[in-house]
Amino acid sequence: NYHVWIRMAAPDGGGDSIHVGLDGIPITYGGVGLSTHPIGEWNWEYIPINVTSNDYTQLSIWMREDGIKIDSLVVTTDSTFVP
């Protein structure tokens, strides 16, 4: 299990979310994605990731709505870590 923190900023409610996935398959698909507060300020957002492969795994981020900005990504196994 991995803990993924993504630092995002959204200008408004029309551009406040992304999709996150593993190996080309979105794990946030079908919902509203991973969203942040639409206030234009930088916020850390969290998503747990369960990696079932012992081999190579690729983390992907797709823009769901235009306007969202990302500037930092933290991937850790430390469940107590908070940026």
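Is D71 buried, partly exposed or exposed? I found D71 partly exposed, because its relative accessible area is 41%, where buried means under 20%, exposed over 50% and partly exposed in between, with a 1.4 Å probe and protein chains only.

**Ground rules**

I am working from a predicted model, in which local features need pLDDT of at least 70 and side-chain atom pairs count only at pLDDT 80 or more, while totals for chains, interfaces and linings use all residues. I number residues from 1 along each chain as its sequence is written, and side-chain values use heavy atoms, with hydrogens and water left out.

**Entry: overall fold**

I looked up the secondary structure and noted 0 helices and 7 strands in the chain, where helices (H or I, at least four residues) and strands (E, at least two) are DSSP runs numbered from the N terminus. Along the sequence the pattern reads β-β-β-β-β-β-β. The radius of gyration is 13 Å, close to the 12 Å of the globule rule for 83 residues, so the chain is as compact as a globular protein of that length; the radius is taken over C-alpha atoms, and the rule is 2.2 Å times the number of residues to the power 0.38. I also noted that the C-alpha trace spans about 40 × 25 × 20 Å along its principal axes.

I then checked burial and found that 31% of the 83 residues count as buried. The chain exposes about 5100 Å², with carbon and sulfur atoms supplying 49% of it; accessible areas come from the Shrake-Rupley method with a 1.4 Å probe, and for residues only the protein chains shown count as cover. Among contacts with a separation of 6 or more, 76% come from residues 24 or more positions apart, contact meaning heavy atoms within 4.5 Å.

**Entry: salt bridges**

I found 2 salt bridges in the structure, a salt bridge being a side-chain nitrogen of Lys or Arg within 4 Å of a carboxyl oxygen of Asp or Glu. In one of them the side chains of R7 and D71 meet at 2.5 Å, N to O. R7 lies in strand 1 (residues 2–9) and D71 in strand 7, so this pair ties together parts that are 64 residues apart in sequence. R7 is partly exposed, with a relative accessible area of 23%.

I recorded a salt bridge between the side chains of E65 and R64 as well, at 3.2 Å, N to O. E65 is buried at 18% relative accessible area, whereas R64 counts as partly exposed at 35%.

**Entry: S17**

Which side chains make polar contacts with the side chain of S17? I found the side chain of R64 at 2.9 Å and that of E65 at 3.0 Å. A polar contact is a pair of N or O atoms within 3.5 Å; within protein, one must be able to donate a hydrogen and the other to accept it, and residues adjacent in sequence count only if both atoms are side-chain atoms. S17 sits in strand 2 (residues 17–22) and counts as buried, because its relative accessibility is 1%. Leaving aside residues up to four places away in sequence, S17 touches V32, L34, S35, M63, R64, E65 and I68.

**Entry: nonpolar patch**

I looked for a nonpolar surface patch and found one of about 400 Å², made by Y2, I61, I70, L73 and V75. Patches are made of residues with over 30% relative accessible area and no salt bridge, like charges being joined within 9 Å and nonpolar side chains (Val, Leu, Ile, Met, Phe, Trp, Tyr) within 5 Å. Strand 7 (residues 69–76) gives the most to this patch, with 3 residues. I61 is in strand 6 (residues 59–63) and counts as partly exposed at 33% relative accessibility.

What is the phi of D23? I read a positive value of about 55 degrees, although D23 is not a glycine. Most residues other than glycine have a negative phi. D23 is in the loop between strand 2 and strand 3 (25–26) and is partly exposed at 44% relative accessibility.

G13 is in the loop between strand 1 and strand 2 and counts as partly exposed at 48% relative accessibility. Beyond residues up to four places away in sequence, G13 touches P38 and E65.

Finally, I looked at N1, which lies in the segment before strand 1 and counts as exposed at 62% relative accessibility. With residues up to four places away in sequence left out, N1 touches I49, N50 and T77.
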